[in-house]
Amino acid sequence: MATNVRATGRDQLLPQIVTLTPTAYDTWKRCPREYLLSHVLGVPTSDEIRPTDHGLLLHELLRVVHEQGTCRDLDHVRDVLAGHGVDDQHFGGMFERHARRCPTDAGVGAHEVDLARFHRMPAPMFMVTARIDAIWVHDGFLDARDYKSGARWYERVADDPRARIQAFVLDQYAQRRQLRLRLRYEHLAAEVDDDPEPFEPDDDDLVAIEEELRVMVAELWAVEEWNGVADAAVCSWCRFRSICTDSAAAGEPGWPVLALAESNERDT
Amino acid sequence: MESAEEDELPRVTLAHLRGAETMCRRRLAREHAGLRGRWSPSPRYAVGNRVVEDARVAHAELRTPHARDFPTPTDLFPEQQAVYRAAAGGYVALFGERPAVAVTVDAWETELAELEVRLVGSLGLALETADGSPELRSLRLGVAGNRPLIDDGERRVLVVRSAAWVGVRPLRLVVADLLAGAVVEEELDVAAALPEALEWVTARVEVVRARAADPVPKAGAECRGCPYVPGCRAHEA
């Protein structure tokens, strides 16, 4: 029987059913304090790291291109890019690289698919949700794609904590359709030559992932002190680095209202 | 576990009115019926609620707010305290020269007897200025992405919810992001806007009812934080 140790006062902080997402799990692995601020308390970020508009736009373009036609149809792709004001070499190149890997001719697909899977027993309970960029069904595979517009951080998809969450929710989806799961990252930036090795988890992998997540949630319930990693390399990219009590890259929060308040004080 | 107050009308929120067609119908049905499930208060609203409540206390009499009206809430985490201080500073910076007094309006729900529903959600700070004009301050703490501070759906709900209080007076609606320092100010003729707003709410309530009448669950992003997961057939083993 699994034990489920609960730290004092946590009942008021965590919901009865903790939810994990790829981002939340990745955050927990990186820094428990960041997890607390971002995923438990919902503290507004004090520092920006980089604009995410580019990645969001790429995902939207991929969805529209596939829902209204095919990525193999260059005129259609050009129309969609032009419609979004980005018919340029940069986005055109990304779509060329995508089309070489897209199984659109081989099977049926869906984009921006929200999935959820509930773990009931052994305790503690938890819910896992994930948005999958694209799911293709072909050749007996549930071929899930995660489009990446930035640098490559992992040699194998299986090594990315976010992929382990995705695999957990996708597994149930694949099982119900009697398909084999393959999770693949498509790196579309020109500077990334090769994708990481796809993840094709077997039954043992998936049992191990579920236990890994269960242990993580049990750890969450047992946390007494939400200590940050206080590592300058990590903190310098953190969206809470200015206000986090454990920050190794402290600074001034970027909230514009602070300048307004300061200006008003000077005037009076 | 899924208890509701027996004498209460079904509830609708702005989220229901906006997105009934895409919501999980099982969750929608239970929320509409007022079932609590495994609901627990979220710490995500701790800072925002504290700022609003302290501002309300500051406006217990007709005057401007001051920094001293916003004592740092030491029971919150230090990072939440930092947000609170910034937001309180923002409130004083944005409204520090506008005296107002809080009025007693139900801040959380309005009963629409003809529709047989309760319209539930935060109204914001209901105030009256020195000349007796009504002013509604809707306060935000960081608006994600490029979303507007207020949209037509929320404006209609505020019109419906403030109508009895405002009457035929013009309402000044001020929506402020206290961290970004961004403000949208509008003068609303609530009495004139009420029929259209009620028509929209009525039409949307019908959609909510129709969807809730067939409570088929849909597993997805909404399962995050759903208080009705136990017993949901979307999550049967």
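Predicted model: local features only at pLDDT ≥ 70, side-chain atom pairs only at ≥ 80, totals over all residues.
## Chain B from end to end

Let's start with the running order. From the N terminus on, the elements of chain B go β-α-α-α-α-β-β-β-β-β-α-β-β-α.

How compact is chain B? Its radius of gyration is 19 Å, close to the 18 Å that the globule rule gives for 237 residues, so chain B is as compact as a globular protein of that length. If you box in the C-alpha atoms of chain B along the principal axes, you need roughly 55 × 45 × 35 Å. Of the 237 residues in this chain, 39% are buried. Now take the contacts in chain B between residues at least 6 apart in sequence: 73% of them join residues at least 24 apart.

## A sheet of three strands

In chain B, 3 strands make an open sheet, in the order 1-4-3, with mixed pairing. Which strands stand at the edges? They are strand 1 (11-13) and strand 3 of chain B; each has a single partner strand, so one side of each is left without a neighbour in the sheet. Going from one strand to the next, the twist averages 30 degrees.

Strand 1 and strand 4 of chain B pair in the parallel sense, over 3 bridges. To find this pairing on screen, look for Val12(B), which stands opposite Leu119(B) in strand 4 of chain B.

## Strand 6 and its two partners

Next, look at strand 6 of chain B, residues 134-140. Here 6 of the 7 residues are buried, so the strand is largely enclosed by the rest of the structure. A residue counts as buried when 20 or more other C-beta atoms lie within 10 Å of its own.

One partner of strand 6 is strand 5 of chain B (residues 125-129); the two run antiparallel and are joined by 4 bridges. Glu128(B) stands opposite Pro134(B) in strand 6. These two strands form a hairpin with 4 residues between them, and Gly132(B) in the turn has a positive phi of about 85 degrees. Another partner is strand 7 of chain B (residues 171-177), which runs parallel to strand 6 and is joined to it by 6 bridges. There you'll find Leu139(B) opposite Ala176(B) in strand 7.

## Two helices crossing in chain A

Over in chain A, helix 6 and helix 7 (residues 203-222) pack at an angle of about 115 degrees, with their axes 10 Å apart. The crossing of helix 6 past helix 7 is left-handed.

Which residues meet where these helices touch? From helix 6 of chain A come Arg164(A), Ala167(A), Phe168(A) and Asp171(A), and they meet Leu206(A), Ile209(A), Glu210(A), Glu212(A) and Leu213(A) in helix 7 of chain A. The residues of this contact divide into 5 nonpolar, no polar and 4 charged.

Most residues other than glycine have a negative phi, and most peptide bonds are trans. So let's see some exceptions. In chain A, a cis peptide bond joins Met121(A) and Pro122(A), with omega about -5 degrees. Pro122(A) is found in the loop between strand 2 (108-119) and strand 3 (126-138) of chain A. That loop also holds Pro124(A), and the peptide bond from Ala123(A) to Pro124(A) is cis too, with omega near 0 degrees.

Where do they sit? Gln178(A) lies in the loop between helix 6 (161-176) and strand 5 (180-187) of chain A, while Glu116(B) is in the loop between strand 3 (109-112) and strand 4 (117-120) of chain B.

Are they buried or exposed? With 8 C-beta neighbours inside 10 Å, Gln178(A) counts as exposed. Glu116(B) has 11 such neighbours, so it counts as exposed too.

## Where the chains touch

How many residues of chain B are in contact with chain A? There are 29, and they touch 30 residues of chain A. The chain B side of this contact divides into 15 nonpolar, 10 polar and 4 charged residues.

Note on methods:
Residues numbered from 1 in each chain as written. Chains lettered and ligands numbered in written order. Buried ≥ 20, exposed ≤ 12 C-beta atoms within 10 Å, placed from the backbone. Axes fitted to C-alpha atoms, helices over the stretch in contact; angles between N-to-C directions. Left-handed = near helix turned anticlockwise from the far one by under 90°. Contact = placed C-beta atoms within 7 Å. Nonpolar A, V, L, I, M, F, W, Y, C, P; charged D, E, K, R; others polar. Pairing = 2+ DSSP bridges. Rg over C-alpha atoms; globule rule 2.2 N^0.38 Å.
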